[in-house]
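Welcome, and please have your viewer ready. We will go from one selection to the next, with a short note on what to look for at each stop.

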Amino acid sequence: MVTHLFGLNNPYRGESGGFTLEGYRQEFMELMHIAIEFEEGNPGRVFLVSIPDYCLTPFVGEENKAKVSAEIDAYNAANLEIVNSMGIRYFNITPISRLAADDNSLLAPDKLHPSGNVYHLGRA
């Protein structure tokens with residue numbers, strides 16, 4: 001089985017770093033085709049986890065929180081559209097990651113990445 005966690009660095013680096021949503025779409029689709037090839041053409045053996053929203057962490061200034069959240073939504077909309085067209089399963093953990101505003105147990109000790117609790121809740 002192939003799992004895929006991909007994409008957070010693209011919106012983080014942004015267009016000023018040469019990362020566009022259109023570039024992400026192309027690169028993402030190529031990677032999904034490669035993942036399917038690894039599983040002998042069976043997209044049912046590949047799944048994708050959505051990009052978590054890190055805007056609630058101490059690494060994003062208050063003035064950028066809405067922008068970061070909107071960018072993550074745009075990237076997740078793109079990856080959801082692509083995986084749906086390819087028959088790949090999708091686990092949307094983004095809404096759960098946003099609960100970290102009120103629940104620190106959803107952040108890893110580094111206060112940037114989601115904790116295992118986010119992925120556990122995402123299975124439900």
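**Stop one: the salt bridges**

The structure holds five salt bridges, a salt bridge being a side-chain nitrogen of Lys or Arg within 4 Å of a carboxyl oxygen of Asp or Glu. Before you select anything, note that this is a predicted model, in which local features need pLDDT of at least 70 and side-chain atom pairs count only at pLDDT 80 or more, while totals for chains, interfaces and linings use all residues. Residues are numbered from 1 along each chain as its sequence is written, and side-chain values use heavy atoms, with hydrogens and water left out.

Select Glu39 and Arg45 to begin. Their side chains meet in a salt bridge at 2.6 Å, N to O. Is Glu39 buried or exposed? Glu39 is buried, at 13% relative accessible area, whereas Arg45 is partly exposed at 37%. (Buried means under 20% relative accessible area, exposed over 50%, and partly exposed in between, with a 1.4 Å probe and protein chains only.)

**Stop two: along helix H3**

Now show helix H3, residues 65–86. (Helices are DSSP runs of H or I with at least four residues, numbered from the N terminus.) Pick out Lys67 and Glu71, whose side chains form a salt bridge of 2.8 Å, N to O. The two are four residues apart in this helix, so about one helical turn separates them. Glu71 is partly exposed, with 24% relative accessibility.

Next, select Asp73 and Arg98, another salt-bridged pair at 2.6 Å, N to O. Asp73 lies in helix H3 and Arg98 in the loop between helix H4 (94–97) and helix H5 (116–123), so the pair ties together parts that are 25 residues apart in sequence. Asp73 is partly exposed at 37% relative accessible area, and Arg98 is partly exposed at 27%.

**Stop three: the cavity**

How many cavities of 30 Å³ or more does the structure hold? There is one. (On a 1 Å grid over the protein atoms alone, a cavity is a set of points where a 1.4 Å probe fits but cannot get out, and lining residues have an atom within 4 Å of a point.) The largest cavity contains about 80 Å³ of space, the volume being the space filled by probe spheres set on the points.

To find the largest cavity, select Pro52, Asp53, Leu112, His113 and Pro114, which lie nearest its centre among the 13 lining residues.

Technical notes. 1 Å grid on protein atoms, 1.4 Å probe; cavity = no way out; pocket = protein on both sides within 12 Å on 5 of 7 lines; lining within 4 Å.
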